[in-house]
Amino acid sequence: MTVGSLGESGLLKRILPRLQGAPALLGPGDDAALIAAPGGKFVITVDTLVENQDFRLSWPSGFRSSGFDVGWKSAAQNLSDVNAMGAIATSAVISLTLPHSTPISWVEDLADGFSSAVRELGACECAIGGGDLGRGSELSITAAVTGALATDRAVLRSGARPGDVVAVGGVLGVAAAGLALMDSSVSHVEWTEDEKVLVLGQRRPTPPLAAGPGAARAGASAMMDLSDGLLKDGRRMAIASGVAIDFDTRSLQADALRLSRAAARLGRDAMDWVLGGGEDHGLLATFPKVEDLPEGFRAVGMVRKSIGGEPGGEVLLDGRKADSAKGFDHFEG
């Protein structure tokens, strides 16, 4: 059975019962969902995953991505964006573009993956309000997620100030290592248990959803989602704040050590994954003092005055200018 053979109405009957979150005031069936907005102020984000750009169904290693993986990843990256504002996810809507030949079972699996991520990552207040279906030449999933602020302010990228402590919540480089394994000539049947854990980090990232609101309550001066790599995202924060973000590589050695065996097997540098790898969906944040760091964060550097020579801000490694071009870019290649 395929999407083409079942049709839109039949497909909706199959997948809507699988999309289970907190109750909505009005869920699927009308032109828009109706969501309660406590306090009248909320955040909203939207993100798209496109086949062969953001995910593949089959990899050089012989591994095959499931609909569950893609659904999970879509939920995780959107929940992480809300988290990075210091907010708690309250609702989601999903748009699917599907080729005529897409198996129904794959779409059902995707719905299960999205719902499981919402539930297992702890977004228990997130209602899934429906969405849209369309036909196209390639698979894509777009999700929009709203969130209620945990405090009276959203935490922005632009609040970092010289003297602040730079901190990270979550893991670094794991998803990049997993991607390298999936994209390698090493057969997936030969992966070690440790390598399978890294691959799982790419397939189903686990953003620390309690950490964003916790950072907001602890007085974080700036924060953002780590989706495109520590250096690239650090540069974005530096430009937004007009400062220099200086990472201390000594504080990142444990992250590189965790990835060292996989790096050696693939002939790669583990620190490159730590500095340039995206899709872990942790948090990069700054705090006035190291004593302000809440649970789940660790210090990885300092905010310094902009050293000039570039518009807006710089990213440094141990006080020296770093290559912030490392990291993911949708339109490179």
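In strand 11, R320 is the bridge partner of L317. Strands here are DSSP runs of E with at least two residues, numbered from the N terminus. This is a predicted model, where local features need pLDDT of at least 70, side-chain atom pairs count only at pLDDT 80 or more, and totals for chains, interfaces and linings use all residues. Residues are numbered from 1 along each chain as its sequence is written, and side-chain values use heavy atoms, leaving out hydrogens and water.

Let's stay with strand 10 for a moment. Strand 10 runs antiparallel to strand 11 (residues 320–321), joined by 2 bridges; to count as paired, two strands need at least two bridges found by DSSP. They make a hairpin with 2 residues between them, and D318 in the turn has a positive phi of about 50°. Strand 10 (residues 314–317) also pairs with strand 7 (residues 243–247), this time in the parallel sense over 4 bridges. There, D246 sits opposite L316.

Now for the cysteines. How many disulfides are there? The count is 0, with a disulfide being a pair of cysteine sulfur atoms within 2.5 Å. The sulfur of C124 is 9.8 Å from its closest cysteine sulfur, in C126, so that's too far for a bond.

Buried means under 20% relative accessible area, exposed over 50%, and partly exposed in between (1.4 Å probe, protein chains only).

| Residue | Relative accessible area | State |
|---|---|---|
| C124 | 62% | exposed |
| C126 | 0% | buried |
| D164 | 7% | buried |

D164 lies in the loop between strand 4 (140–149) and strand 5 (165–169). Leaving aside residues up to four places away in sequence, D164 touches several residues, including S221, F287 and M302; contact means heavy atoms within 4.5 Å.
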